[in-house]
Amino acid sequence: MVYSFLKNKVHYQLPADQLVLQILERGEGALSNTGALLIRTGEFTGRSPDDKFIVRDAVTEDTVHWNRFNNAMPTACFLALEKDLLAYLGSKEEVWMRDVFACADEKYRLSIRMINELPASSHFAANMFICPQPEELLGMKPEWQVIHAPGFQADPLRHGTRKGNFTVVSFSHKKILIGGTGYTGEIKKGVFTILNYLLPLGHGVLPMHCSANVGKRGDTALFFGLSGTGKTTLSSDPARELIGDDEHGWDEAGVFNFEGGCYAKIIDLSEQREPEIYSAVRAGALVENAGFLPGTNGIDFKSREITENTRVSYPLNFISNARIPSVTGIPQNIFFLTCDAYGVLPPISKLTPEQAMFYYINGYTAKVAGTEVGVMEPQITFSSCFGAPFLPLHPDFYAGMFRAKIEESGAAVWMINTGWTGGPYGTGQRISLTYTRAMLSAALGGELDDVVFSCHPLFGLWVPQFCPGVPAELLNPRDTWEDALAYDRAAVSLLAQFAENYERNRSPSAQTVGSAL
C-alpha cells in the first residue's frame, strides 16, 4: 500500500510510552499524578453527527438508509476530498501509522490501518482497538483505512461537506476520512458504523450499541444505551467479568466485543462509585478535555470548564476482571438503559417480547450534556436501536434481527431508568447509582423471579413491587411525584411521542411486531 506522504517520517506502531513522550515534547499534553496523559481535542469535544457522510454509489444506493445520519456524498466529491486530505498530510514533517484489528471473534476480524496527523490519535487507536501480535504484523495487508487529520478543513463547495469538519465513509474504497475535528470519538464511531453495515449483510451478525459482562455462573448480560446512560459504569462490575463497554456483535454462538479498549465518561468520577474505571486512569490511559485541580497535577473530575463530555480511553486489560479475548455466550439478561428526562418511567421494569421490540426501535433516552456538539443539558430524544447515528441500514432491519435473537435465546429483557424520579429534569432527582446497581444485581441474581409485579396502567410495563436494597416507593414512579395528576399528564405526553416515533421508524414493508400497550 503506497502513500504519497511516505517521504515524510512515518512513526509506525509505536507503543504508548513512546507516544506519550512525543506528545509531551510537542506540548500537546500533560501528565497527571496517576501517570495518565491529559490532552485537549480542540474546538470539538463531542461527535458531530450531522457532518457524517457515506459515499452514494452502486454498492450503497439500495442498501443504506439515507437520512440525517447517513448524508449522501457523490464519489467525485469523496475523491477530491481524499486527494486534498492526503496532500495536506504530505505537507507535514511526520505522520503516525498503526495497524489494528476490530472484532474479538477471529471469524469476523477486520484489519484496519490508522493514519493520523497527531500522536494522540494514534495513542487513542492503540487503546481502543485490538493490537496485533508482532507475528501478525508480518505481511499484514489492512482491509480498511482510517485517515484522520484534525488540522485539515474541507471546502464545502469543492468537497460536498456541510462545514469544514467531516467524517466520510466509502464502502467501495474501504476508507474512512476524518478531518476538521480532533475529537477521537469520531474514529471509534466511524469504525462502528462500517461494522454495522458489514457484519449483518455479510455474516448475519447482529451489531449492537451495548456493553456486556458475564457472571460467575457463566450468565451473560447486555446493557443497551446511548452515551452517558451508564453502559460503561454499570458493566464495570467487580463481581462480573467485563466483555466490553460499548460495541458488540451477536451470532449463533454468543457475543463478542468489537473493540480492545474502553472509552469512559469521567465527569464526577470517584473511586467509591466507580472503582474499576477510577483505577484504570493510570499510565497508558488517555484523558480528554479534563483539567487539573488548582496548583496540582491531580485530575479535576468535577470540572466542566471545557465540557461535560470528559473522557478516558484505556486498554481492556486495565480492568482487572476483563475477559480477554472478549468473547462470551448467549445472553440471559438484556437491559435497556434509558435516561428518562420526563421522570415518568419506572426505575426497573420487565418487558414482554413485543414491548422489547417497541422500546428497541424507539431507543428512548435523553442526550446527555457534552456527548454531541451543542448539547448543554439533557434533551429528550429517540435513537433507533439505541444507536441511530451509527446505523447505515434501516432501523427495522436491525430490529428484526434483534427480535429473532431474543426469541431464540429466551433472554429476559428489562428496562432500567437511569434518569429522573419525583419529577422531570430540573424538578426531580437523578436516580441513585446505588439503587440502580441494587436493581441490576437483583435481576441478574434471580431475586426478582418470585416477587409480585404490577402492570403500569399507561405503559403496560411489568414493575416489581419489591426489590432488595431499594425503597418500595421508588419502584412506582407516580408515587414519587408531589402532584400525581402532573405525573399522569407527563406520562401521557411521553407515551404519545413513543407511538409517533415508533411508526416513523418502521419501514413501509415492515411486518407488524405487536403493540407495547
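1. In this predicted model, K189 counts as buried because its relative accessibility is 7%, which falls under the 20% limit for that class. The residue belongs to helix α6, which covers residues 185-203. Leaving aside neighbours within four places in sequence, K189 is in contact with R47, H209, D246, E247 and F390.

2. The unreviewed UniProt entry carries the annotation "binding site" for K189, H209 and D246. These residues are spread over 58 residues of sequence, yet they cluster in space, with a largest C-alpha distance of 10.3 Å. Of these residues, K189 is included in the lining of the largest cavity.

3. D246 sits in the loop between β13 (241-244) and β14 (247-250). With a relative accessible area of 6%, D246 is buried. Not counting residues up to four places away in sequence, D246 touches K188, K189, M208, H209, C210, S211, K231 and E259. With one of these, K188, there is a polar contact from side chain to side chain at 2.8 Å.

4. Aromatic rings deserve a separate point. A pair of such rings is described by the distance of the centres and the angle of the planes. The count of aromatic pairs comes to 32. One of them joins F224 and F336 edge-to-face, with 5.8 Å from centre to centre and 85° between the planes. This pair links distant parts of the chain, as F224 is in strand β12 (residues 220-224) and F336 is in strand β22 (residues 331-338), 112 residues apart. F224 is buried, with a relative accessible area of 0%, and F336 also counts as buried at 0% relative accessibility.

5. W420 and Y425 form another edge-to-face pair, with centres 5.1 Å apart and planes at 90°. Elsewhere, F358, Y359, Y364, F382, F459, F498 and Y502 form one aromatic cluster.

6. Which residues of α10 are buried? They are P395, D396, Y398, A399, M401, F402, R403, K405 and I406. Just after α10, G410 takes a positive phi of about 70°.

Key
Residues are numbered from 1 along each chain as its sequence is written. This is a predicted model: local features need pLDDT of at least 70, side-chain atom pairs count only at pLDDT 80 or more; totals for chains, interfaces and linings use all residues. Side-chain values use heavy atoms; hydrogens and water are left out. Buried means under 20% relative accessible area, exposed over 50%, partly exposed in between (1.4 Å probe, protein chains only). Helices (H or I, at least four residues) and strands (E, at least two) are DSSP runs, numbered from the N terminus. UniProt positions are given in the numbering used here, feature names are shortened, and annotations may be inferred rather than shown by experiment. On a 1 Å grid over the protein atoms alone, a cavity is a set of points where a 1.4 Å probe fits but cannot get out, and a pocket is an open set with protein on both sides within 12 Å along at least five of seven lines; lining residues have an atom within 4 Å of a point. Contact means heavy atoms within 4.5 Å. A polar contact is a pair of N or O atoms within 3.5 Å; within protein, one must be able to donate a hydrogen and the other to accept it, and residues adjacent in sequence count only if both atoms are side-chain atoms. Rings of Phe, Tyr and Trp (its six-membered ring) pair if their centres lie within 6.5 Å; planes under 30 degrees apart count as stacked, over 60 as edge-to-face and the rest as tilted.
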